[in-house]
Amino acid sequence: MPPVDTWLYPTPQGLYCAPGDFFIDPPRPVPRAVITHAHSDHARPGNHTVAASSATLALMRARHGPCPAETPLAWGEPLHHRDVTITLHPAGHVLGSAQIVLDHQGTRAVISGDYKRAPDPTCDPFTPIQCDLFITEATFALPIFRHPPAAAEIARLLASVALFPGRTHVIGAYSLGKTQRLIALLRQSGWNEPIYLHGALLPMCAIYQQHGIELGDLRPATVAEKRDLIGRIVLAPPSAIADRWARRLEDPVVCMASGWMRVRQRAKQGGVELPLVISDHADWDELNQTIDDTGAREVWVTHGTEDALIHEISKRGIKGRALRLIGYGEEEAA
Amino acid sequence: MKPFADLLERLLYTQSRTAKLPQLRHYFATTPDPDRGIALAAITGELTLHAAKPALIRTLAAERTDPTLFALSYDFVGDLAETIALIWPPSQATQLPGLAEIVATLNSTAKPDLPAQIAAWLDAADPSTRLALLKLITGGLRVGVSARLARIALAEWAGHTTADAIEEIWHSLAPPYTDLFAWLEHRAPRPDPADAPVFRPLMLANPLETGDIAPLEAPLYRAEWKWDGIRVQLVSTAGGTRLYSRGAEDISATFPEITCPSPAVLDGELLIIRNGAVAPFADLQQRLNRKTTTPKLLRDHPAAVRLYDILFDGTEDLRGLPFDARRARLEAWHARNPTPLLDQSPLIEFRTLDDLEPPRANARSAGIEGLMLKRANSPYLPGRPRGHWWKHKRDPLTIDAVLMYAQRGHGKRSGLYSDYTFGLWRTDTELVPIGKAYFGFTDRELDFLDKWIRANTTARFGPVREVSPGLVLEIAFDAAQLSPRHKSGVALRFPRIARLRADKPHQEADRLETLMKLIK
């Protein structure tokens with residue numbers, strides 16, 4: 001069996017599978033790409049042939065328009081391509097997010113993409129896949145990051161809404177994934193009021209709804225009267241919550257939903273009044289648990305704080321390597 | 001302990017006073033005695049606690065964590081207590097005692113047993129509670145709640161009294177304030193301060209602009225100097241003597257030389273006076289915000305109180321008397337009780353209000369900020385009642401500075417760049433920041449500034465934008481003083497934006513040496 005790094009390795013154009021002649025989440029357009037999920041730092045426009053889950057392809061079409069050749073793959077459906085078999089399994093990060101499983105001459109590599117293990121009503125849950133090489137993200141790979149249960153954070157938000165009935169709560173959330181998860185979590189917690197959205201968040205919500213995810217009564221915040229938004233919950237992209245856009249809100253309580261909110265300096269820097277520690281990435285314990293679940297003896301880290309994770313797994317006899325792939329973690333760093 | 005941790009966390013992120021009040025009210029309403037009283041003491045700085053050294057908690061963390069991971073984490077977080085709170089290994093949550101019990105245990109635990117006790121609590125807590133614990137234990141809560149704000153919250157929550165009324169008994173009370181809460185909840189009468197030396201709410205003046213002075217009738221007013229120190233209240237009763245700041249903070253230990261020869265409640269200005277001459281405010285600042293003082297400071301920065309008013313003579317409440325009658329009582333009291341560290345602020349003779357203009361305009365020397373005009377028939381009223389006392393400050397100094405950085409505001413200003421850092425030219429090409437201002441402009445000017453800043457940003461640091469030199473601001477300020485803590489070596493008192501000078505080329509803004517010449 002050929003060692004994995006003879007047929008799968010990082011190049012300046014991205015992670016490359018030589019026998020299949022394709023790239024995974026390439027930062028620049030390539031002839032053949034396999035995409036883990038539709039966040040813009042992983043799914044760039046302009047690739048010629050794209051294999052991905054059908055939900056990821058739908059989200060990519062909405063963002064960049066159609067690509068010339070799309071290969072939708074169902075969970076677990078093998079795609080035999082030259083001497084490589086490609087299979088997708090859910091990653092639990094956002095709608096359609098996948099782990100990419102590559103089998104070549106009896107060895108198996110799994111590329112996690114971004115993932116989490118915590119339950120999420122808006123996407124299929126992560127399933128650990130046994131493999132020889134596991135290529136993982138490491139956004140929150142420090143032992144200070146242990147995400148609390150999301151329901152508890154939503155409870156803090158709703159307590160604040162009750163405490164400040166004369167103000168508008170505006171939550172900074174990324175347009176793809178975080179927004180829909182927050183809405184679904186709010187609905188699970190019994191918040192059945194209309195939720196008001198910044199215009200940039202509406203298209204992605206529509207695709208989620210087309211995929212059968214219930215989000216309830218959503219309304220554009222842009223057309224609402226300032227007065228009508230008092231006591232309401234408004235979602236907007238992080239760049240808008242403390243900026244000109246938020247001036248349409250009455251004495252807003254600026255909230256931000258992100259794993260980074262765990263660290264006070266990060267939250268204070270953004271002018272956040274109510275930080276909500278809700279993340280779509282694996283925390284420290286989930287990263288370590290997942291690595292053990294895969295049984296991999298070798299782990300590559302694509303992006304994040306890799307030093308701590310490589311140090312920790314080395315104590316368990318697992319070989320770690322930092323790929324330092326450039327460009328990831330830019331669209332949604334949370 | 002968890003409700004206290006939740007309160008601290010929310011207060012930490014809340015900038016505006018009005019947004020802090022509902023949080024405090026909610027906490028007092030939903031937390032039982034004695035925890036809420038201990039929390040009140042902790043946030044108002046009245047809690048006595050055997051604080052632990054940071055080294056102790058650092059050692060604890062080292063025993064529980066991998067040193068490499070701890071170092072990487074500390075590097076990322078930047079705060080020791082927060083790093084430990086977050087990295088502490090999760091454990092099966094056992095019940096954590098309430099705040100009052102924790103404080104009592106901390107004060108009664110022998111030093112060698114302290115680490116094990118703290119570790120046991122950290123095991124039982126969640127991350128935000130761990131952080132509150134660690135900040136409490138190491139003595140650094142810093143949530144930006146003044147004692148006054150806490151009393152306003154208490155009064156609002158109770159609904160039947162005022163912050164002033166709470167202030168009047170505050171210093172006869174002690175944590176956990178169960179008698180105070182009983183009164184606020186209608187379960188008991190108002191605690192009787194008896195003969196404790198409690199603070200009485202001060203009477204404050206309204207600002208008077210030059211244009212407003214004409215309608216005042218000169219014979220109805222008395223004039224005094226407005227001394228440039230800090231306003232204090234000296235209280236002496238059978239129960240003791242206290243010196244209070246304007247905000248009702250007990251500063252007796254900071255100024256131990258100030259004593260009172262006979263029972264009274266006196267209103268005056270705390271100043272540094274050397275050989276009869278009032279020293280600049282900067283000299284007084286050397287002695288402020290210290291828990292205790294040193295013989296050297298006492299010798300080199302001798303404090304004294306210049307008396308304005310008398311509220312109580314012995315146990316006789318004089319606050320209902322008109323100003324003239326109180327002034328006579330003050331003079332009589334002072335004649336009976338001469339003491340070198342208490343003197344009287346003189347009245348300024350005048351016939352017409354125009355007579356006062358030269359002394360006000362020339363008041364920049366000798367520790368004087370301006371003039372006070374007080375109605376001869378005004379009783380001593382708490383707060384800032386209209387139409388009784390006026391402060392007529394000397395005209396501010398001004399300087400033309402260049403806008404360097406801007407920061408987003410909070411609450412109603414959260415979408416606007418409303419906090420400005422400005423600087424002066426040290427050389428032809430180098431600007432040095434000299435201060436920050438966030439008021440003094442109209443809404444329209446704020447709008448202009450915000451647009452200008454967005455269009456001229458050169459760098460961003462979190463909520464702060466750096467702008468290219470180009471906009472001149474006329475800055476008004478009350479005084480400039482040397483300050484080794486500032487890069488420019490100078491600090492402004494009470495800076496505000498007087499005018500936007502969009503017309504003025506930024507190269508023609510003032511130089512640092514011009515400001516240096518204004519230092520007294």
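## Salt bridges between the chains

Four salt bridges link chain B and chain A in this predicted model. One of them pairs B:Asp450 with A:Arg247. Their closest N and O atoms lie 2.7 Å apart.

Polar contacts also cross the interface of chain B and chain A. Seven residue pairs make them, with both residues at pLDDT 80 or more.

## The chain B side

Several helices of chain B each supply at least two residues of the side that touches chain A. They are helix 1 (2-13), helix 2 (17-30), helix 5 (67-77), helix 6 (80-87), helix 9 (127-138) and helix 17 (443-455). Helix 5 gives the most, with six residues.

The residues on this side of chain B divide into 16 nonpolar, twelve polar and ten charged.

## Extent of the interface

Contact involves 38 residues of chain B and 38 residues of chain A. Together the two chains bury about 3,400 Å². Carbon and sulfur atoms account for 58% of that area.

Three residues stand out on chain B: B:Arg10, B:Tyr13 and B:Phe76. They supply 23% of the area that chain B buries against chain A, more than any other three residues.

## A closer look at A:Ser53

A:Ser53 sits in strand 5 of chain A, which covers residues 49-53. Is this residue buried or exposed? A:Ser53 has a relative accessible area of 4%, so it counts as buried, the cut-off being under 20%.

The side chain of A:Ser53 makes a polar contact of 2.9 Å with the side chain of A:Thr56. Leaving aside residues up to four places away in sequence, A:Ser53 touches A:Leu73, A:Trp75, A:Leu88 and A:Gly96.

Terms used
Residues are numbered from 1 along each chain as its sequence is written. Chains are lettered from A and ligands numbered from 1 in the order in which they are written. This is a predicted model: local features need pLDDT of at least 70, side-chain atom pairs count only at pLDDT 80 or more; totals for chains, interfaces and linings use all residues. Side-chain values use heavy atoms; hydrogens and water are left out. Helices (H or I, at least four residues) and strands (E, at least two) are DSSP runs, numbered from the N terminus. Buried means under 20% relative accessible area, exposed over 50%, partly exposed in between (1.4 Å probe, protein chains only). A polar contact is a pair of N or O atoms within 3.5 Å; within protein, one must be able to donate a hydrogen and the other to accept it, and residues adjacent in sequence count only if both atoms are side-chain atoms. Contact means heavy atoms within 4.5 Å. Buried area is the accessible area (1.4 Å probe) that two parts lose on being put together, summed over both. A salt bridge is a side-chain nitrogen of Lys or Arg within 4 Å of a carboxyl oxygen of Asp or Glu. Ala, Val, Leu, Ile, Met, Phe, Trp, Tyr, Cys and Pro count as nonpolar, Asp, Glu, Lys and Arg as charged, and the others, Gly among them, as polar.
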